[in-house]
Amino acid sequence: MTTFHNNSKIVLDYLEKHDEKPKAIRLHRSCYSQIGAFLEENRTGYSYESALEWLRGQTGPKALMGTYAAAVTRINDVYQ
């Protein structure tokens, strides 16, 4: 989980450095917190597939789901 937390911090720091809107940063932070809880609950490490599994289980407005999908893509880029 340490790698996941470090990589999520990399994304959040990048967003802050590039003046992303505060709401988008909050939603990314919330997304990573929820994914982290999902990974711990399922006793697994991060993978793109596990993040997509978490994402498929989410419901909400299209804009929120779009931001969550972007957050998953961004953290996956860090893993690459």
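Modeller: Start with the salt bridges: the count comes to two. This is a predicted model, so local features need pLDDT of at least 70 and side-chain atom pairs count only at pLDDT 80 or more, while totals for chains, interfaces and linings use all residues. Residues are numbered from 1 along each chain as its sequence is written, and side-chain values use heavy atoms, with hydrogens and water left out.

Colleague: What makes Lys9 and Asp13 a salt bridge?

Modeller: The rule asks for a side-chain nitrogen of Lys or Arg within 4 Å of a carboxyl oxygen of Asp or Glu. For Lys9 and Asp13 the N to O distance is 2.9 Å, so the pair passes that rule. The background idea is simple: side chains of opposite charge can pair when their charged atoms come close.

Colleague: Where do Lys9 and Asp13 lie?

Modeller: Both are in helix H1, four residues apart, which is about one turn of the helix. By the way, "helix" here is a DSSP run (H or I, at least four residues), numbered from the N terminus.

Colleague: Why is Lys9 called partly exposed?

Modeller: Buried means under 20% relative accessible area, exposed means over 50%, and partly exposed is in between (1.4 Å probe, protein chains only). Lys9 has 49%, and Asp13 has 34%, so each one counts as partly exposed.

Colleague: How do you know that the span of H1 is close to what's expected?

Modeller: The expected span is 1.5 Å times one less than the number of residues. H1 runs over residues 2–17, has 16 residues and reaches 22 Å from its first C-alpha to its last, close to the expected 22 Å. H2 has 20 residues and reaches 28 Å, close to the 28 Å expected.

Colleague: Which residues of H2 are buried, and why do you say they share a side?

Modeller: Ala24, Ile25, His28, Cys31, Tyr32, Ile35, Gly36, Phe38 and Leu39 are buried. They cover an arc of only 160° around the axis, which puts them on the same side of H2. That arc is taken from the directions from the helix axis to the C-beta atoms. The face turned away carries exposed residues, among them Pro22 and Lys23.

Colleague: What do the buried residues of H2 pack against?

Modeller: H1, helix H3 (48–56) and H4.

Colleague: What about H1: which residues are buried there?

Modeller: Phe4, Asn7, Ser8, Val11, Leu12 and Leu15. They span an arc of only 140° around the axis, which puts them on the same side of H1. What covers them includes helix H2 (22–41) and helix H4 (62–79). On the face turned away from that buried side sit the exposed residues Thr2 and Lys17.

Colleague: Last one: why is Thr67 called buried?

Modeller: Thr67, which lies in helix H4, has a relative accessible area of 18%, so it falls on the buried side of the cut-off. Leaving aside neighbours within four places in sequence, Thr67 is in contact (heavy atoms within 4.5 Å) with Leu27 and His28.

Methods: Helix = DSSP H or I, 4+ residues; strand = E, 2+ residues; numbered from the N terminus.
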